[in-house]
Amino acid sequence: MKLKKADILKALEKISAPGDGQNIVESGAITNIQVFGDEVEVDVTIKNPSLQAKKKTEVEILKCIHREVYEKAKIKVNLKVDAPATPKVNQIKGNPIPGIQNIVAVASGKGGVGKSTITANLAVTLAKMGFKVGLLDTDIYGPSMPIMFDVANEKPLSINVDGKAKMKPIENYGVKLLSIGFFTQPNQAVIWRGPMAAKALNQMIFDAHWGELDFLLLDLPPGTGDIHLSIMQSLPVTGAVVVSTPQEIALADARKGVAMFQQEAISVPVLGIVENMAYFTPAELPDHKYHIFGQNGAKNLAEDLDVPFLGEIPLVQGIREAGDVGRPAALQTATPTEEAFEELTRNVVQELVRRNTDLPPTEAIKITTMAGCAAVKKK
């Protein structure tokens, strides 16, 4: 039997379009009909994206044509969803930690660029400026903060807060500190898969009594991997600081670190790039600068990526020695090292103020389709 397009349109007028007060022909939901003998192909567009709505529309079209036109018609329904775009509201979806105003992640594309040293000195400089500061060492496999703060032998105590047992962070130099290093032996290797590491981080984040903080600094592990995603899935990170040396190899990885935060699915504002080990000045030649790892590499990278350049930290033996003995070099007074870290810290605070003025709160991201990602359970 040869079917007619007009008969099919007339039959489909008996199907109402939900919410429109019209039938699916009048509403424009039927976008095309093709007839080939007893074969019918119907293109239809609906606004409801639910599986139930799509199935119901398809079944109604099949039944209507079979009932009103030809019961043995061979029908194909091509269904498309054109849901109205909902404005994206940048809300905090994760549970923020009560009392913490800003969460700043300090990251690097690769290891060995001095990221933990920068984080430790940034923390103590913020504390010297009068801010309330916390530091979470999120490097599960290579925690270094307990040594840098001279608290390697300390153990966090359990305290009762509103009827719940909470960890009390270790405090030194005005900085509250938590690290997996407090819970392992110095010669003990942490051999955990992603979910186990994420669970440990979850406990240090949400089962700790941080109190009132202006800043919580996150010392991220090197690279762009599972721990980074777990952190950003559990916390609305205010902004990120990326550390690099001027060396081309380090810059290539720093570029990837910036790109990670700028991905649409993550969208954490990058406060800027720090150039560590920028130059070496011998004590006997204070006016000389030797650019051992290259010159202005991170500064040029910041310009290329259109992100702020936060400052440069020189390659100074005293910075390394201070970290090894557990007293960050920024605690020294009236030294070029103190001045460098103070300038860096002022720039970070300035960019953070600008970010909070110009941008809405960061979302805690939700990633469900990437293989190998360990989700952090929300409290």
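Okay, let's start at one residue: Gly297 touches Pro246, Leu251 and Glu275, leaving aside residues up to four places away in sequence. Contact here means heavy atoms within 4.5 Å. Before I go on, this is a predicted model, where local features need pLDDT of at least 70, side-chain atom pairs count only at pLDDT 80 or more, and totals for chains, interfaces and linings use all residues. Residues are numbered from 1 along each chain as its sequence is written, and side-chain values use heavy atoms, with hydrogens and water left out.

Back to Gly297. Gly297 sits in helix H8, residues 297–305; helices (H or I, at least four residues) and strands (E, at least two) are DSSP runs, numbered from the N terminus. Is Gly297 buried or exposed? Gly297 is buried, at 11% relative accessible area, where buried means under 20%, exposed over 50% and partly exposed in between, using a 1.4 Å probe and protein chains only. Its contact Leu251 is 46 residues away in sequence, yet 7.1 Å away in space, C-alpha to C-alpha.

Now the sheet. Eight strands make an open, mixed sheet, in the order E10-E11-E7-E12-E6-E13-E14-E15. At the edges are E10 (170–172) and E15 (309–313), each pairing on one side only. Pairing means DSSP finds at least two bridges between two strands.

Look at E13 (residues 239–244) and E14 (residues 270–276): they pair in the parallel sense over five bridges. Ala240 stands opposite Val270 in E14. Helix H7, residues 248–262, packs on the sheet and touches E6, E13 and E14.

Methods. Axes are lines fitted to C-alpha atoms, for helices over the stretch in contact, and angles run from 0 to 180 degrees between N-to-C directions.
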